[in-house]
Each structure stands twice: as structure tokens, then as C-alpha cells.
Amino acid sequence: MSQVQVLKSLEGVLESFLEKVVILKEERLSVLEGINRLDDIARTSEEGFDVTDKVGDWFAEHNQWINEQVLRQGDVDRINGILGEIKNQINKTPEVSPAARKISSEINRWSDSDLTKTTPEKTEPSKQKIVLKRRPEESPTLTEPTLLDFSRVLMNCDIMLKRLSDKKLHILSVLDEALNKANLQKDKQALILSAFIIYYLKQNAYKVEPYVKRLKEAERLFKEVK
Amino acid sequence: MLNTSEKAYCLALLALKHKDYRAAVEQFDKAAPDFKNDREFNLYRESTRLLLAVKQEVEMIEDEDRLEIEEAFPNG
């Protein structure tokens with residue numbers, strides 16, 4: 001296994017582990033996100049801004065929490081505390097608008113709901129376990145290129161060149177087809193042949209820049225597949 | 001209200017949800033003063049830090065590979 005392969009494998013394991021953490025905590029995350037947003041609203045309110053609409057939106061979005069048992073006692077206490085602070089800020093204003101009065105009564109309704117009587121035993125989620133799994137160790141297969149391997153590559157390139165040059169008049173057409181094959185089929189042989197042809201053309205003063213770009217792109221795709 | 005560390009822990013988990021690992025590490029660092037003895041927190045924090053380091057290393061190696069091609073065709 002090359003260094004990149006080992007790193008990519010580790011990257012995959014870690015990413016998959018963190019994805020599972022997120023899935024496992026999905027419900028808690030949604031609660032925390034809601035509490036965090038309410039906390040942001042309370043801070044804005046403390047700075048003297050009108051947060052009536054924002055609190056209204058928050059209630060509209062999270063009212064279902066009253067019926068669904070997703071909150072722990074700690075969450076309920078937190079929410080009540082934050083709502084209490086918002087209510088205090090609303091009451092501080094000399095003229096309370098009808099919308100603000102409505103929000104204030106909504107806060108009271110929330111505080112009086114059964115939600116506040118939730119017990120920790122009822123809502124505490126069961127302990128779940130995340131297991132970090134990885135594939136069994138594999139002994140690296142050594143593929144040290146030998147002279148024989150290289151000679152085979154040259155031979156296969158020759159065969160491919162003959163096949164691709166069938167009915168073609170110019171080497172550029174062959175190169176075009178080899179690059180297409182490398183790009184679309186992620187064919188290593190076609191990639192090597194393309195590189196040979198490009199180098200050959202470059203030695204003969206052809207402008208090879210566009211072909212080099214295509215070769216790099218084909219190589220990138222080939223590496224992704226590998 | 002939530003204290004700074006609680007808020008940061010919450011934002012770190014949300015960043016993980018959005019696969020923004022760099023932001024997650026930053027928020028975990030902010031949350032660390034109050035959670036450094038929490039095993040679960042440390043597991044998530046260290047896993048995310050390791051993942052970020054691995055991603056940077058892979059990126060660096062791939063950049064080196066790209067340079068090799070450019071050297072092979074200096075005027076290409």
C-alpha cells in the first residue's frame with residue numbers, strides 16, 4: 001500500500017466514524033441547534049433589538065417539542081431560563097406592542113406546558129455505542145516495476161498504437177483517441193501511450209500544451225478510481 | 001444563557017454535521033476549557049483533528065505529484 005493509499009484509508013475510516021456520530025446525535029443536535037438559536041435571540045434582545053418576530057419564528061419551528069418527548073430536563077430548564085430573559089427584556093420596553101404581548105403569553109404557555117414537568121428518567125436516551133471498524137490488515141503487495149514489466153508495457157503500447165491507428169492518417173488522431181480512452185475508461189495503458197506520444201511530439205516541435213492538459217486530467221481521474 | 005464553551009461545543013457538532021472539519025476543530029478548541037475532562041468530547045475533538053491533518057497531508061502529497069508532471073513537460 002502506498003503512503004497516499006494508507007492516508008486515504010484512514011481518512012475514510014475517520015470520516016465514516018464522524019458521520020456515524022452525527023447520525024447518532026441527530027436528535028440531540030436538532031435540540032442543541034434550537035437552544036443555541038434561542039440563545040442568540042436572547043443575546044440580540046439584550047442588546048436592545050426587537051426580537052418579537054424571531055421569537056415567533058422560533059416558537060413556530062419548535063412548538064412540536066411540547067408534544068414530542070425529545071427534551072431532557074436540563075434542556076427544558078435551559079429553554080425556560082432563556083425565554084424568561086427574553087420576556088424580561090420585552091417587559092422592560094415602555095410600550096409593549098400587541099405582537100410582543102402575544103409572544104409574552106406564548107412564553108407563559110410554554111412554561112405552563114407539560115413539557116416543564118418532564119422527568120429526566122422519561123427523556124434520558126438509552127446509552128448507545130459507536131464502534132469504529134476497519135478492514136483487516138492486508139500485507140502490501142509489492143509491485144516493484146522490473147525491466148520485464150517495462151518491456152511488457154512497451155509491447156502493449158505497440159499493440160494499442162496499432163489498434164488505435166487503424167484507418168487514421170495522423171499521429172495526433174491516435175493521440176486524441178488514446179487520451180479519450182484514458183479519460184473515459186480510466187485505462188492505464190492508454191495513459192502511458194498518450195504520455196509517450198506527447199513526449200515524442202514535443203521532441204519534434206509540436207505544440208503539445210492542450211494534450212498535456214488532457215493527460216493531466218486523465219491522470220487525475222485515474223488516481224481517483226485507483 | 002449558554003456559556004461560551006457550551007455554545008462552541010454545539011457549533012462544533014453542527015460543523016461536523018456540515019462536514020466543515022476546519023470550523024469544527026476551531027469550535028472544539030474554544031469549547032475545550034470546560035470539556036477537557038469529557039471523554040466523549042475528547043474523542044470527537046481528536047478524531048476531527050486527526051482527520052483534518054490527514055486531509056492536509058493527502059493534499060500535500062497530491063500537489064507534489066502534480067509538480068512531477070509539470071517537470072516532465074516544462075514547456076508543455
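A:Val70 sits in the loop that runs between helix H3 (52-62) and H4 of chain A. In this predicted model, A:Val70 has 18 other C-beta atoms within 10 Å and is therefore partly exposed. A residue would need 20 or more such atoms to count as buried.

Setting aside neighbours within four places in sequence, the contacts of A:Val70 are A:Glu27, A:Val31 and A:Trp65. A:Val70 also lies 8.0 Å from A:Arg28, C-alpha to C-alpha, although 42 residues separate A:Val70 and A:Arg28 along the chain.

## Chain A as a whole

Chain A contains ten helices and zero strands. Read along the sequence, the pattern of chain A is α-α-α-α-α-α-α-α-α-α.

Of the 226 residues in chain A, 22% are buried. Where contacts in chain A link residues at least 6 apart in sequence, 66% of them join residues at least 24 apart.

A:Leu201 belongs to helix H9 (residues 188-203) of chain A. A:Leu201 counts as partly exposed because 17 other C-beta atoms lie within 10 Å. When residues up to four places away in sequence are not counted, A:Leu201 touches A:Tyr206 and A:Val208. A:Leu201 and A:Leu175 are 26 residues apart in sequence, and their C-alpha atoms are 10.0 Å apart in space.

A:Ala205 is located in the loop between H9 and H10 of chain A. The phi angle of A:Ala205 is near 65°, which is a positive value in a residue other than glycine. A:Ala205 has 7 C-beta neighbours inside 10 Å and so counts as exposed.

## Chain B: helices and confidence

Chain B has three helices and zero strands, in the order α-α-α from the N terminus on. Buried residues account for 25% of the 76 residues in chain B. Among contacts in chain B between residues at least 6 apart in sequence, those joining residues at least 24 apart make up 48%.

The mean pLDDT of chain B is 85, with 84% of the residues of chain B at 70 or more. Within chain B, confidence is highest in helix H2 (residues 21-35), at a mean of 94, and lowest in helix H3 (residues 39-72), at a mean of 83. Where pLDDT is low, predicted coordinates should not be read in detail.

## Packing of H1 and H2 in chain B

Two packed helices are described by the angle between their axes and the distance between the axes. Helix H1 (residues 4-17) of chain B packs with H2(B) at an angle of about 150°, and the two axes are 7 Å apart. Angles over 145 degrees count as roughly antiparallel, and H1(B) and H2(B) are therefore roughly antiparallel to each other. Their crossing is left-handed.

On the H1(B) side, the contact is made by B:Thr4, B:Ser5, B:Ala8, B:Tyr9, B:Leu11, B:Ala12, B:Ala15 and B:Leu16. On the H2(B) side, the contributors are B:Ala23, B:Ala24, B:Gln27, B:Phe28, B:Lys30, B:Ala31, B:Pro33, B:Asp34 and B:Phe35. The residues of this contact between H1(B) and H2(B) comprise twelve nonpolar, three polar and two charged.

## The loop between H1 and H2 of chain B

B:Lys19 is in the loop between H1 and H2 of chain B. The phi angle of B:Lys19 is near 60°, a positive value in a residue other than glycine. With 12 C-beta neighbours inside 10 Å, B:Lys19 counts as exposed; the exposed class covers residues with 12 or fewer.

## The interface between the chains

In the interface, 28 residues of chain A are in contact with 21 residues of chain B. On the side of chain A that touches chain B, helix H1 (3-24), helix H2 (26-46), helix H4 (73-92) and helix H10 (209-225) of chain A each supply at least two residues. H1(A) gives the most to that side, with twelve residues. By residue class, the side of chain A that touches chain B has 15 nonpolar, two polar and eleven charged residues.

For the complex, the predictor gives an ipTM of 0.81 and a pTM of 0.54.

Notes:
Residues numbered from 1 in each chain as written. Chains lettered and ligands numbered in written order. Predicted model: local features only at pLDDT ≥ 70, side-chain atom pairs only at ≥ 80, totals over all residues. Contact = placed C-beta atoms within 7 Å. Helix = DSSP H or I, 4+ residues; strand = E, 2+ residues; numbered from the N terminus. Nonpolar A, V, L, I, M, F, W, Y, C, P; charged D, E, K, R; others polar. pLDDT = per-residue confidence, 0-100. Axes fitted to C-alpha atoms, helices over the stretch in contact; angles between N-to-C directions. Parallel < 35°, antiparallel > 145°, perpendicular 65-115°, else oblique. Left-handed = near helix turned anticlockwise from the far one by under 90°.
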